[in-house]
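User: I would like to learn how to read helix packing and aromatic pairs in a model. Can you take me through one?

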Amino acid sequence: MEKNKVLLVDGMALLFRAFYATAMSGYYMVNSKGMPTNAVYGFVKHLFAAKNEYKPSHVICCWDMGSHTFRNDLYPEYKANRGEAPVELIPQFELVKEVTASMDIPNVGITGYEADDLMGTLANVYSEENEVLILTGDQDTLQLLKDNVKVILMKKGYGNFAEYEHGTFYDEKGISPQQMIDLKALMGDSSDNYPGVKGIGEKTALKLLQKHETIEGLLENLDTLTKAQRTKIEQDLEMLHLSRKLARIHCEVDVTCSLEEAVLSINEDLMHNKFNELEFKNINRLINP
């Protein structure tokens, strides 16, 4: 019997990517009610490109719920480098959820957690008996790769994807998906604004993990490192452990969504009514990008 194919969508990743693809040229697609719709339109286009390519049986859209999460409690500077959302994007946060609801796609979000945490939790549950695909633009989710879980990273444009699974990831990176957490702990993440160990970049971090496997293995063998590497790690030991907590996707969130709710069964009339209400043009080209 063929397995269900469950697509977990990182809603904000699609929405932000769509917004900035057109906002750079000042094109916000403002409708007759004065509502900008460029991000929502692009979101739908990305979603249908993935739907047409991977043909999921089930779809769930996961959302960040505000900027403050448990990671900010651990480290107040987490993502503090990110500015306020553009005013043209703010009204589209709720609008996009109305659009997904019009397609009978469940919207899932829990205050205090990121979409990655929800996708990680749901992927663990569903992958026991189903095939899971995670659609995102965030490489952090590669740590979730395992049997029955693939990550689909969006590339530039529409319908351009890089597909990762457990085996191919190791072939490309030389480390396991789980080691991604320790990799980020060592090298930090400028996008999420945590430093890791100052002076250790990706190249050095990869070499250290390929040799010692984990941070614990590395710390047990500090005497085998160069003097410079050992000094850097010892000076930033506290930040190393904190960065690992920040890098790890939390896969035990109290979130549920039944597969019955998530069956992909779009009511064409409801969807088209919503698209027409928003004054979307070229709808056939939108859903067949």
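This is a predicted model: local features need pLDDT of at least 70, side-chain atom pairs count only at pLDDT 80 or more; totals for chains, interfaces and linings use all residues.

User: At what angle do helix H7 and helix H8 pack?

Analyst: Helices are DSSP runs of H or I, at least four residues, numbered from the N terminus. Axes are lines fitted to C-alpha atoms over the stretch in contact, and angles run from 0 to 180 degrees between N-to-C directions. H7 (residues 179–187) and H8 (residues 202–212) pack at about 135°, with axes 9 Å apart. That makes H7 oblique to H8; under 35 degrees is roughly parallel, over 145 roughly antiparallel, 65 to 115 roughly perpendicular, the rest oblique.

User: Which residues of H7 and H8 make the contact?

Analyst: Contact means heavy atoms within 4.5 Å. H7 gives Gln179, Asp182, Leu183, Leu186 and Met187; H8 gives Glu202, Ala205, Leu206 and Leu209.

User: How are Phe43 and Trp63 paired?

Analyst: Rings of Phe, Tyr and Trp (its six-membered ring) pair with centres within 6.5 Å; planes under 30 degrees apart are stacked, over 60 edge-to-face, the rest tilted. Phe43 and Trp63 are stacked, 5.9 Å centre to centre with 25° between the planes. Both Phe43 and Trp63 are buried (under 20% relative accessible area; exposed is over 50%, partly exposed in between; 1.4 Å probe, protein chains only).

User: And which type is the pair of Phe70 and Tyr113?

Analyst: Their ring centres lie 5.5 Å apart with planes at 50°, so the pair is tilted. Phe70 is partly exposed at 24%, and Tyr113 is partly exposed at 23%.

Note on methods:
Residues are numbered from 1 along each chain as its sequence is written. Side-chain values use heavy atoms; hydrogens and water are left out. Helices (H or I, at least four residues) and strands (E, at least two) are DSSP runs, numbered from the N terminus.
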